[in-house]
Amino acid sequence: MTQSLASDITTGPNQGDFDYSQKRIDDASSQLQVPLKTIDLSVGFSHSTILNEISLSFPKGTITALVGPTGCGKSTFLRTLNRMNDHVRGFWHKGSVVLDDVNIYDKSVDPLVLRRNVGMVFQRPNPFPMSIKDNVVSGVKAHKLAKRKDLLAIAESQLKEVGLYDAIADRMDDSPFRLSGGQQQLLCLARALAVGPEVLLLDEPTASLDPVSTSSVESLISALVPKLTIVIVTHNLAQARRIAQHAAFFFNGELVEHGLAAQVLEDPEHETTAQFVTGRMG
Amino acid sequence: MFSKSHLLRRKILDKAMWALATFSLVCIVAPLAWLVWGVVGRALPHWNWSLLTTKPGGANGGGLSTLIVGTLVITAGVAVVAGIIGIGSGLYLSELCPEGKGKILRTASEVLSGVPAIVLGFLGYTVLVVEFKWGFSLGAALVVLSIMVVPYIAKATEVAILQVPTAFREAAEGLGMTRWQTLRRAVLKPAAPGIVTGLIIALAIAMGETAPLLYTAGASNNFPTSHITHSPVGFLTYAVWTDYNQPLAGSAELSATAAVLLLVIVLMLILLSRLVIRVSKKYSINNSHGGR
């Protein structure tokens with residue numbers, strides 16, 4: 001699988017006779033321990049440096065929470081993991097981001113295929129202005145991962161996976177903007193999952209949601225491991241404690257401390273981390 | 001907390017702003033009502049359905065059939081030529097163009113939109129009709145009218161695309177969509193109402209032009225032919241302009257009827273655009289009642 005995924009992000013999937021269901025089974029059977037890591041990664045825009053020599057590994061099938069005060073570089077770091085900063089003016093990086101032994105910033109890597117393997121969900125729900133069904137399968141259609149006749153079944157199965165299907169079964173052709181904020185975010189998760197990513201990046205996915213919706217999204221995120229490797233940026237330390245197995249604390253563009261979530265968030269080694277997690281800074 | 005005079009000032013200012021806004025509305029609606037009343041009042045007493053099916057000419061001035069068809073053909077041609085170039089230019093300016101080059105292109109487009117129509121018509125006459133030897137023709141008319149309205153369509157397209165929330169683009173990029181897929185699936189759909197509105201306004205402007213068409217389309221009492229060059233085309237604004245001053249009985253009324261028909265066609269274009277906008281807004285972010 002390592003070989004096939006590495007080949008996937010460099011040359012693109014075999015689009016001719018792609019078996020959607022088989023792809024998901026293959027992904028689930030992958031046994032990589034650290035599919036994604038950064039090595040001495042420095043990132044900046046024009047003359048300013050945002051992140052300084054970050055080396056961090058994301059163990060397979062776990063949730064890693066990135067925490068830290070506003071402006072410390074967490075979201076920039078997250079967006080660097082699937083090359084979402086590529087089009088931002090003045091963006092530069094040093095060091096590497098390695099996905100399955102391939103540096104994703106190598107010239108041979110196709111960022112479009114990379115983003116299929118490293119999916120992303122954003123702070124605010126951002127469904128497309130199309131029907132609920134079309135939203136779920138938009139990525140599947142873009143990457144030609146399934147035949148047209150199978151799209152409805154895929155949409156239904158993804159919506160069931162995120163626990164949204166029962167609520168909207170008779171509204172598949174409706175506008176997604178009729179859904180509540182929490183339902184829209186679940187829809188965005190279904191859309192991201194539909195293309196079969198190996199890693200999922202979540203940028204404060206519950207920041208704009210109420211506590212009930214937050215709970216639904218957290219339950220889903222927890223249920224996605226160990227099938228997926230998840231990296232989540234959150235300002236909510238309680239959330240990080242609830243769902244993450246690993247945590248990393250960023251401060252002023254530096255990675256101060258990382259390790260098991262219980263250790264980093266409850267009994268940190270560094271004073272700065274302790275100040276943050278105990279609410280003396282933030 | 002507030003003094004009486006302060007509260008009184010606020011109330012007076014509030015009333016004054018309401019009055020100013022209402023006055024502005026009247027300034028727009030009143031001339032339109034006067035225009036409609038004037039032309040419909042002149043045309044209606046002499047209305048005859050045969051005007052729509054009879055060619056111009058004859059002792060009583062005839063009808064307007066060929067001019068109606070000529071106007072529709074010219075408008076459809078401008079919609080295709082200027083629509084493709086204008087929307088393409090707007091897409092280029094908003095999505096693909098480097099910033100420096102964009103400033104030059106936008107300035108050029110603004111200058112072009114400020115050139116008087118009669119100057120463009122004269123240019124079209126000297127270059128296309130005389131120099132290229134196209135003669136008075138549909139081709140010359142389409143080129144000049146398209147050059148005239150492309151800046152409007154390009155600007156409307158650019159503004160509509162720039163107003164699409166960044167979140168849609170990010171979502172598409174996050175899924176690994178190509179730039180074209182992002183445009184097609186996430187950007188153009190929500191931008192469609194703005195683009196269509198710009199296109200319709202541009203077509204209404206083109207349809208109402210007289211001077212550039214006199215220089216390029218010429219004049220004709222016959223139906224348009226399949227020839228792009230060397231075949232003059234009749235158009236409604238020609239009748240509005242010419243028949244009003246003709247000494248023949250019924251000419252002035254024919255002129256008013258042509259004006260009414262132009263208003264009706266513009267109204268139909270606006271209704272068509274509303275329909276397109278309604279359909280394209282079915283899944284709009286601003287339409288939380290969309291769907292079934």
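**Entry 1: the two chains**

What share of the 282 residues in chain A do buried residues make up? I looked it up: 59%, where buried means under 20% relative accessible area, exposed over 50% and partly exposed in between, taken with a 1.4 Å probe and protein chains only.

Before going on, I note that this is a predicted model, in which local features need pLDDT of at least 70, side-chain atom pairs count only at pLDDT 80 or more, and totals for chains, interfaces and linings use all residues. Residues are numbered from 1 along each chain as its sequence is written, chains are lettered from A and ligands numbered from 1 in the order in which they are written, and side-chain values use heavy atoms, with hydrogens and water left out.

For chain A I found twelve helices and ten strands; helices (H or I, at least four residues) and strands (E, at least two) are DSSP runs, numbered from the N terminus. Chain A exposes about 11500 Å², and carbon and sulfur atoms supply 48% of that surface; the areas come from the Shrake-Rupley method with a 1.4 Å probe, and for residues only the protein chains shown count as cover.

Then I turned to chain B. I counted ten helices and zero strands there. Its C-alpha trace spans about 75 × 60 × 45 Å along the principal axes. Of its 292 residues, 40% count as buried. The accessible surface of chain B is about 16300 Å², with 70% belonging to carbon and sulfur atoms.

I also checked contacts (heavy atoms within 4.5 Å) between residues at least 6 apart in sequence. In chain B, 73% of these join residues at least 24 apart; in chain A the figure is 70%.

**Entry 2: where the chains meet**

Which residues take part, and how many? I got 27 residues from chain B and 31 residues from chain A. The buried area is about 2400 Å², with 58% from carbon and sulfur atoms; this is the accessible area (1.4 Å probe) that two parts lose on being put together, summed over both.

I looked for charge pairs across the interface and the rule gave one salt bridge, meaning a side-chain nitrogen of Lys or Arg within 4 Å of a carboxyl oxygen of Asp or Glu. The partners are Glu170(B) and Arg79(A), at 2.7 Å from N to O. On the chain B side, helix 6 (166–174) and helix 7 (179–207) are the elements that give two or more residues. Helix 6 gives the most, with seven residues.

**Entry 3: salt bridges inside the chains**

Over all chains, the search returned ten salt bridges. Side chains of opposite charge can pair when their charged atoms come close.

Arg169(B) pairs with Glu95(B), with the closest N and O atoms 2.4 Å apart. This one links distant parts of the chain, from helix 6 to helix 2 (residues 65–96) of chain B, 74 residues apart. Both Arg169(B) and Glu95(B) are buried.

In chain A, Arg242(A) and Glu218(A) meet at 2.7 Å, N to O. Arg242(A) is in helix 10 (residues 237–243) and Glu218(A) in helix 9 (residues 211–224), so the pair ties together parts 24 residues apart in sequence. Glu218(A) is buried, at 7% relative accessible area.

Last, I checked Asp150(A) with Lys149(A), whose closest N and O atoms are 3.6 Å apart. Asp150(A) is partly exposed at 30% relative accessibility, and Lys149(A) is exposed at 66%.
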